[in-house]
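Good morning, and thank you for the time.

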There are 2 protein chains.
Amino acid sequence: MIKHALSVTREADFAAWYQNVITEADLAEESGVRGCMVIRPWGYGIWERIQRLLDDRIKATGHENCYFPLFIPLSYFEKEAEHVDGFAKEMAVVTHHRLIADGKGGLVPDPAAKLEEPLVVRPTSETVIGTAFARWVQSWRDLPVLINQWANVVRWEMRTRMFLRTTEFLWQEGHTAHASEAEARAETLKMLEVYRSFAEDVVALPVVAGEKPENERFPGAVATYSIEAMMQDGKALQAGTSHFLGTNFSAAQNIRFQNTEGQLELAQTTSWGMSTRMIGGLIMVHGDDDGLRVPPRVAPWQIVIVPMLRDGPEDEAVLGYCRTLQAELAALSAFGEPVRALLDAKPVKAATKRWGWVKKGAPVIVEVGGRDVAGGNVSVVRRDRLYRDDGKLDSALVARGDFVGGAAALLGEVQASLHADARARLDANIRRDVADFADLEAHFAESEIRPGWLEIQWSKPSGAALDAVVERLKALKLTLRNVPLGAAPAVGACIFTGTPAVERVLVGRAY
Amino acid sequence: MIKHALSVTREADFAAWYQNVITEADLAEESGVRGCMVIRPWGYGIWERIQRLLDDRIKATGHENCYFPLFIPLSYFEKEAEHVDGFAKEMAVVTHHRLIADGKGGLVPDPAAKLEEPLVVRPTSETVIGTAFARWVQSWRDLPVLINQWANVVRWEMRTRMFLRTTEFLWQEGHTAHASEAEARAETLKMLEVYRSFAEDVVALPVVAGEKPENERFPGAVATYSIEAMMQDGKALQAGTSHFLGTNFSAAQNIRFQNTEGQLELAQTTSWGMSTRMIGGLIMVHGDDDGLRVPPRVAPWQIVIVPMLRDGPEDEAVLGYCRTLQAELAALSAFGEPVRALLDAKPVKAATKRWGWVKKGAPVIVEVGGRDVAGGNVSVVRRDRLYRDDGKLDSALVARGDFVGGAAALLGEVQASLHADARARLDANIRRDVADFADLEAHFAESEIRPGWLEIQWSKPSGAALDAVVERLKALKLTLRNVPLGAAPAVGACIFTGTPAVERVLVGRAY
C-alpha cells in the first residue's frame, strides 16, 4: 500500500479531494469575501502561463486587446431584453460613491452620494463593447472589428466552488463584428478551434468540441459552441464557449454599416471566452492522490532543484553544483521557450520540500546531495510517474550531463504522457451503444463512481418538446453537453421520442 | 511654416492638445460610463508592453504575482483609521446583488437582495492583502513575503482626465512583509529604483526620485517615495510611488511572527504601485504637434511598412517585396526581443496611412512604392525627426539591405534620442538659484508657459508649520513634489521660515 501525500483520495470523496489539492498545492484560498478567492502564487503562475499562451494564439488569429469599463450603466442592460433575462438576476450593483462615518465608529454608504443611475459590475461585456462598436463601425471598410479583453467579471453565484464557480473570476472575452453571417459563423468556429487546440496542446486537456443545444445557449445567441472536458469523476466541465450572436446584439446596440452597395446593414457579431475555470479542469483531470500534476507547458516552474543540505561546511559545494545545474537548465529551450528551472534553497528540510513540490505538481523534481555532487549525478523524480511497480518513490540516479542533455525532451514526454492518460480516460468513458432511455437510466444508476458520458442519437427537439427532454434528464441529474463536431451521422431512432434521429448529442453529469 | 498633423498645438492650448493626441492616436475614448475610458488597441498595446517589461523587473527582484478580490468588506476599512481618512470619502459601494424588473420596462436593484455588509470596490488592496498576510505569516521563516498584483482599481474622482485621473484605472500594486525595519526600508527604496530605471530605460521618461514631504504621504505610511516626471508644460506628474508602512498596517491587521528568539513581533510592510497614468506621462513628455511619439521599447509596432498601392497589377510585386521586408525585420532582435514590424495592407490611401502612423507615433515608418521595388530601396521616416531643416518631411531613400542591417540600431537610436531630448528639457527647467520667497513668486508669475520646477532649500517643517507652507504654495497653485535622493546638502536658509535649511525640496505645479 502506497501512503499518498494527500489526506483524501479521489475515490473516497472527490469533492473533498478537490479542495484538498487546492489547499495542499497552494493554489488558492478563501478570502473572507463572500464567494471570492485569493489566487496564490502557484495558482496565479499557472493562470499567467495560460494567459500568455492563449493570448499569443488570440493575437496570431488577428485580434487586438482593448480594455472596457468595469461598470455598466443599468440602462445598457434594459436595451437587450433576452440577454437581461439570462443575466439580470444575479449581479453586483453599485449604488453609492462615498462612505461616511456612522457616528458609532463605523462606516456607511453616504445617502447624499447615491448614484442617479446604478452601475452594474460587468458579468460579461457584450453591452458596453457593442456600444463602442456602434461608434467605430460606419462602413464595410471598418469591418471586421476583432478585439479581445482580459478582465475580471462578477456573477453573484449562490453556491461557489473555487475556480469552478466564484463570484469574481478572471477571463478573456473576445468580441467581433463582421459584414456577413458567413464570416461571423466562420469566426465563431475558428475561435472554438483555438480553444480546442489550446486545451489539448497546452493544458493537455482532451475535450470534445461541439454545438450546445438550444436550451444551453448563451442568452441572446443564435448558436453557442463549447469544449467539454471529462473530469476524473466522469462529470463534464465546459471549459470554453464561442457564440454566434447574429444581429441580436447589433440590433439592440445599433451597430450598422454601409455595405459596398451603399445600403445600411446590421453587423453580425460573435463573442467567446475562457476563464480561470480552466484551472479547475486542470486539477480534476491531471490531479492524483499525491496532489496536482501540472503539464509542463503551463507549469510556473518546470524543473525544481532541491538541494539536500546538512547545515554543514559541505553545503556550499552542493549549492554551487545546484546553481550551475539551474543555469544549464535555464539555458535550454522547451516548447519554444526557455526552460523554467528553480533552485529551492529555502531553509526547510529537503524531504518536506520534495513533498511540497510533489503536491504542487512540479513536472520534474531533482534532488542533489553530497553523494550526487561527488559522483557527478542527480536524482530525478518525474511527477507523472511517481512510484515504481513495488510502490516505492521512483527516483532515478542520472549523470548530470545526461539529465541536462535530455531535460527538454523529458518535459515533452511528461506533457505528452499527461495528455495521453487523459485522452485514454475520455475515450474509454464515452459510450455510444445506448439506444434506449431505460438503458440510459440504468447506465447512470449503476455507474455511481465514474459514469462518464453517453453519446446518444436524438431528433433535436426544440421549444416545449426540448423542455420535456431536459426535465427527464434533470431528474437523473443529467444535462445535454454538446453535439460533437464531426460525430458520425445519426442512423437510428431518437432515444427520447422514438422518431428518426437527426444527430448525436452528449449526455452526462456536469459541473 | 510646417502644417502639422494635429489641429491644436502644445503652445496654443496644452490641455486641448493632450486630448487631441489621445483621439488622433487612437489611444482611448470616452466610454459613456462616468469617468471610465475605453482603452483602444494602440493605447492598450502600449500598456501591455509596460506591463510585460515592468513585470519582468518585479519578478527579477524576487516578487511573485497573486490575485486578491475586487471587493473589500466595509469592516476591513473600519480597522485602519488613518488609511480610511485618506480613502474613505470617494469609493464605489456595492449594496445589492440582484436586479429586478420595475414593472415599467426598466430594471432596479432588488430591495430583497440588499447586502448585509456593503462591499467596497478596491481603491487599493492594503487591507485585504494584509488580512491574507496575517494568515500566511507565523514565523520568521515565512518572511519576507514578496507579492505583486496586476489589477483594476476604482476611486470616485470628481474631475477626471483620460489616463491621468479616471474612476477606474489599471495598475500593479506590490505588497511585502519583512522581519526588520531595515529590510522593509531597503525594499521600499529597491522598488523606487526599479520604477526610476524602468521609467528612464523603458519609457524614456527622465524622472527625479525622492521622498515625499509629510503632507503628501500615502494615508497610513511612515514614508512615501515617488518618481516625478516633467511634462512639456512644465508641470510635474507623479509616475510611481513606493511606501514604507512600518507597523501601521500590520498592527491593524495583526500580521505577527515569532522571531528567532521566540518572541512575537509585528511585521514591517511596504507597498508600491505604477499605473496607466504612466501613459499620460508618456504622451505629455514625448508627444509633439504631429501626435504621439512612442519610445520603441514600448511601441506595439516598432516599424510599420506602408505599401503604396495603385489598385493595379503591379501591386502584387509591391506587396511581395513588403512581405519579405516584414519577415526580415521580424527575424531581427532589438532590446533583447524580436523586432515588431507590421505590414499595413488595409484598403486605405497610402498618405492617409502614413499620417495615421505619424499621429500614433510608430517609431519608424517605411514606405514602399513601385520605384522602390525596382531600385531595391525603401523610404524611411523616423518619427523622432520628422522634418528636415527646410520644413519638409524627412523621408530618406535607403537600400533595403542597408535598412534591414541597421534597423535594430536605428530603433536604439530613436529610443535614445527621445530620452535625451526629454532629459535635456528636464535639466534645463529645474532652477536651483531661488533662495527667496518673493523670487519664487516672481518666477511662477512670469513663467506662464513652462515655469518648470524650483529646487529650494527648506527647514523641513512638520505639523502646523508645514500646513502653513502648503497653504502659501497652494495660493500660487504650487505643491511640494519630493526631496530628491542624492541632492546637494542644504547650506542656506529656509525659503519659507528663514531658519537654517536642512534639505532641498522640489516645488512646482502638478497634475
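I begin in chain A, where strand 11 (residues 207-211) and strand 12 pair in the antiparallel sense over five bridges. Helices and strands here are DSSP runs numbered from the N terminus, helices being H or I of at least four residues and strands E of at least two; two strands pair if DSSP finds at least two bridges between them. Within this pairing, A:A209 has A:I227 of strand 12 as its bridge partner.

Before going further, the conventions. This is a predicted model, in which local features need pLDDT of at least 70 and side-chain atom pairs count only at pLDDT 80 or more, while totals for chains, interfaces and linings use all residues. Residues are numbered from 1 along each chain as its sequence is written, and chains are lettered from A and ligands numbered from 1 in the order in which they are written.

As to confidence, chain A averages a pLDDT of 95, and 98% of its residues score at least 70; pLDDT is the predictor's confidence in each residue, from 0 to 100. The model has an ipTM of 0.95 and a pTM of 0.96.

Returning to strand 12 of chain A, its other pairing is with strand 13 (residues 236-246) of chain A, antiparallel, through eight bridges. There A:S226 stands opposite A:T241 of strand 13. Five residues lie between the two strands of this hairpin, and A:G234 takes a positive phi near 85°.

Is strand 12 of chain A enclosed, or is it open to the outside? Seven of the eight residues of strand 12 (residues 223-230) are buried, so the strand is largely enclosed by the rest of the structure. Buried means that 20 or more other C-beta atoms, placed from the backbone, lie within 10 Å of a residue's own; exposed means 12 or fewer, and partly exposed is in between.

Leaving aside residues up to four places away in sequence, B:I303 touches B:L329, B:V339, B:A341, B:V364, B:V366 and B:A407. Contact is judged by C-beta atoms, placed from the backbone, within 7 Å.

Now the domains. Chain A is assigned domain 1 (14-91 + 125-286), domain 2 (296-426) and domain 3 (430-508), with bounds from an automatic or database domain assignment. The C-alpha centres of domains 1 and 2 of chain A lie 36 Å apart. Between them, 18 residues of domain 1 of chain A are in contact with 13 residues of domain 2 of chain A. On the domain 1 side, helix 2 (41-60) and helix 8 (277-286) of chain A each supply at least two residues, and helix 2 gives the most, with six. By class, this side of domain 1 has 12 nonpolar, two polar and four charged residues. Here Ala, Val, Leu, Ile, Met, Phe, Trp, Tyr, Cys and Pro count as nonpolar, Asp, Glu, Lys and Arg as charged, and the others, Gly among them, as polar.

Next, the chain interface. 51 residues of chain B are in contact with 51 residues of chain A. Which element gives the most to the chain B side? Strand 5 (residues 93-96) of chain B does, with four residues. The chain B side divides into 33 nonpolar, nine polar and nine charged residues. Strand 5 of chain A and strand 5 of chain B run antiparallel, joined by three bridges, and A:H96 stands opposite B:V93.

Finally, some backbone details. Most residues other than glycine have a negative phi, and most peptide bonds are trans. The peptide bond from A:L143 to A:P144 is cis, with omega near -5°, and A:P144 lies in the loop between helix 5 (126-136) and strand 9 (145-154) of chain A. In chain B, a cis bond joins B:L143 and B:P144, with omega about -5°. A:D311, a residue other than glycine, has a positive phi near 55°; A:D311 is exposed, with 7 other C-beta atoms within 10 Å. B:K477 likewise has a positive phi, near 60°, and counts as exposed, with 12 C-beta neighbours inside 10 Å.

How values were computed:
Two residues are in contact if their C-beta atoms, placed from the backbone, lie within 7 Å.
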